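Here is a short exchange for a reader who is meeting this structure for the first time.

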Amino acid sequence: MEKVFCMATGDRENSYATNSRVQEKAIMETSLVLRNAVERVYASLSPRDTMVVADLGCSSGPNTLLVVSQVMNAVRGFTRKKGDSSAVDVQFFLNDLPNNDFNLLFRSLGELHNLETEKATVLSPYYVAGLPGSFYTRLFPCQSVHIFHSSYCLHWRSKVPEGLSSGAILNEHNVYIGKASPPSVVKLLQEQFQEDFESFLALRYRELVYGGRMVLTFLGRKSKEMFMHGEVGNIFELLTEALQSLVQKGLVEKEKLISFNLPFYAPSVDEVKALIKENELFDIENIRLFESNWDPEDDSDRDMLPNSASSGNRVAKTIRAVTESLIMDHFGEAILDELFMTYASIVAKHLEKGKAKTYTRYGFLAEGHALNSL
């Protein structure tokens, strides 16, 4: 993953920066939770302190700027409320895998700083540094970070489980968990999630200051039943269908498709709670699910879409932006345009039956030694 995976770079038509509105809506949904976390940490600091905020899996584009802006707005609001003449410094660390488009990220941050300066809204000094590396490894010194934020990242695994990557167990008709996936595949992905999430919690616990906070947002599922995996699974079943179509056209080798598995897992709420409770490192102060339409531009509550073809195209661009690097590494770049044109058409037909949604979980985790507020 560290050598291959990244969101689609740049700001072109198929880039993540241009096709990340679903993720933007998740950040907006959790903005009050992040604000509360910032205010609680800020209240414990003295004017000479520096508040350290780490955004894990920051990617690039407008969403990263949105997180920085939300934190700084919370700091400024709390400063005004307290009537302080001076505020603490804020140090941001923007973390993602080494292939992330850090060049675009820093150009964008420069534009944000210039805009704030022009509007005379900079009431608190802040500093930004990039930090390449996997958040499934150690990233910071002990007790050095006040707030960890991560949005739409923790459903990605550190690797494809060895049983799948070696071919010992086959998920022949899916690239993720689908109706035809054998129980052994489900078990492997569950175990990989457990290993990764436990490691993530242990690492962050060592890096977080006493009284620090974590706000984590990631894709999940409503039901604890594995084969009620819902719309997240459906999205990737349709991607499998598109790849199978390219196999039939002779553009993809069948063996290549059989050996392709996404390093992904969307856990249930019960799975997350159980792991945190067993881990005994954090309290959960808030955890809930919210749903989002597949079509990133659809904010309505209506059951049917006015134009399923347009919606299918937007969904395809969203999925391409996050899976392009993995698909290109395994199948080559040549199939990308044909694959996602086919995928857009398949998604459009699926959406003709009715609107589809995914479920996102966010949690507000406080540093602690015992769970008593589930």
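This is a predicted model: local features need pLDDT of at least 70, side-chain atom pairs count only at pLDDT 80 or more; totals for chains, interfaces and linings use all residues.

Q: What makes the charged end of Arg-204 count as sitting over the ring of Phe-200?
A: The charged end of Arg-204 lies 5.1 Å from the centre of the Phe-200 ring and sits over it, where the rule asks for NZ of Lys or CZ of Arg within 6 Å of the ring centre and within 35 degrees of the ring normal. The charged end of Arg-204 also sits over the ring of Phe-148, 5.5 Å from its centre.

Q: Why is the pair of Phe-193 and Tyr-265 called tilted?
A: Rings of Phe, Tyr and Trp (its six-membered ring) pair if their centres lie within 6.5 Å, and planes under 30 degrees apart count as stacked, over 60 as edge-to-face and the rest as tilted. The centres of Phe-193 and Tyr-265 are 5.4 Å apart and their planes stand at 35°, so the pair is tilted.

Q: Which rings are linked into a cluster by ring pairs?
A: The cluster joins Phe-135, Tyr-136, Phe-193, Phe-197, Phe-200, Phe-218 and Tyr-265.

Q: Are Phe-193 and Tyr-265 buried or exposed?
A: Both Phe-193 and Tyr-265 are buried, a term for under 20% relative accessible area, with exposed meaning over 50% and partly exposed in between (1.4 Å probe, protein chains only).

Methods
Residues are numbered from 1 along each chain as its sequence is written. Side-chain values use heavy atoms; hydrogens and water are left out.
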